[in-house]
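I opened this notebook to record what I looked up in one model. The entries follow the order in which I consulted the coordinates.

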Amino acid sequence: RVGFGMACYRLNQIDRAKAAFRRAHDLDPENVEALVGIAILEMGSLDSDVLDPREYRSRAENVIKMISMANLVDHTNAMVQNHLANHYFWKWTPVPGMVSVERGSCVVKGNMAS
């Protein structure tokens, strides 16, 4: 089913691809590829211009939950790790402040800028 979902995606048959990934997930709830396939297609269908902000945020959170569930099933899966890393990279907000480490030390000192 996952292979069929991938083929449908490559043929730009997104609805059929989603259905195939969902069917694969129904047959095997621990199928990491199916979870990621559903999540990525759902993320691709999110449109902040069409959805109200609450709905958009809720659906985006569900996508990340699916990828996180896939990570719980197989934390060594490179595809899952890549998508989680992308999410946290783009979500990351720098914190103002300063960090210093002395060479050879195991201590990290920091202060927060106000």
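Entry 1. Helix length. I began with a definition: the expected span of a helix is 1.5 Å times one less than its number of residues. The model in hand is a predicted one. I applied the rule to α2, whose 14 residues should span 20 Å; its end C-alpha atoms lie 20 Å apart, which agrees.

Entry 2. Overall layout. I counted 5 helices and 2 strands in the protein. Along the sequence I read the pattern α-α-α-α-α-β-β. I noted that buried residues make up 25% of the 114 residues. Of the contacts with a separation of 6 or more, I found that 32% are accounted for by residues 24 or more positions apart.

Entry 3. The faces of α2. Which residues of α2 are buried? I listed Ala17, Lys18, Ala20, Phe21 and Ala24. They are on the same side of α2 because they cover an arc of only 165° around the axis. On the other side of α2 I found Asp15, Asp26 and Leu27 exposed. I then asked what covers the buried residues of α2, and the cover includes α1 (2-10) and α3.

Entry 4. I looked up Arg23, which is found in helix α2. Arg23 has a relative accessible area of 40% and is therefore partly exposed, as the limits for that class are 20% and 50%. I also compared Arg23 with Arg1: the two are 22 residues apart in sequence, and their C-alpha atoms are 7.0 Å apart in space.

Entry 5. The pairing of α2 and α3. Two packed helices are described by the angle between their axes and the distance between the axes. How do the axes of α2 and α3 cross? I found that the axes of helix α2 (residues 14-27) and α3 come within 8 Å and cross at roughly 145°. The crossing in which α2 passes α3 is left-handed. From α2, the residues that meet α3 are Ile14, Ala17, Lys18, Phe21, Arg22, Ala24 and His25. Their partners in α3 are Glu33, Ala34, Leu35, Gly37, Ile38, Leu41, Glu42 and Ser45.

Entry 6. Helix α4. I turned to α4 (residues 53-73), which has 21 residues. From its first C-alpha to its last, α4 reaches 30 Å, close to the 30 Å expected at 1.5 Å a residue. In α4 I recorded Val63, Ile64, Met66, Ile67, Ala70 and Asn71 as buried. They cover an arc of only 145° around the axis, so they are on the same side of α4. Arg54, Arg57 and Leu72, on the other side of α4, are exposed. I found the buried residues of α4 packed against α3 (32-45) and α5 (78-91). What caps the N-terminal end of α4? Asp52 does, with a side-chain oxygen 3.1 Å from the backbone nitrogen of Arg54.

Entry 7. I located Asn77 in the loop between α4 and α5. Is Asn77 buried or exposed? Its relative accessible area is 12%, and buried means under 20%, so Asn77 is buried. A polar atom of the side chain of Asn77 lies 2.9 Å from the backbone nitrogen of Met79. Leaving aside neighbours within four places in sequence, I found Asn77 in contact with Val32 and Glu33.

Methods: Residues are numbered from 1 along each chain as its sequence is written. This is a predicted model: local features need pLDDT of at least 70, side-chain atom pairs count only at pLDDT 80 or more; totals for chains, interfaces and linings use all residues. Side-chain values use heavy atoms; hydrogens and water are left out. Helices (H or I, at least four residues) and strands (E, at least two) are DSSP runs, numbered from the N terminus. Buried means under 20% relative accessible area, exposed over 50%, partly exposed in between (1.4 Å probe, protein chains only). The arc is that of the directions from the helix axis to the C-beta atoms. Contact means heavy atoms within 4.5 Å. A polar contact is a pair of N or O atoms within 3.5 Å; within protein, one must be able to donate a hydrogen and the other to accept it, and residues adjacent in sequence count only if both atoms are side-chain atoms. Axes are lines fitted to C-alpha atoms, for helices over the stretch in contact, and angles run from 0 to 180 degrees between N-to-C directions. A crossing is left-handed if the near helix is turned anticlockwise from the far one by less than a right angle, and right-handed if clockwise.
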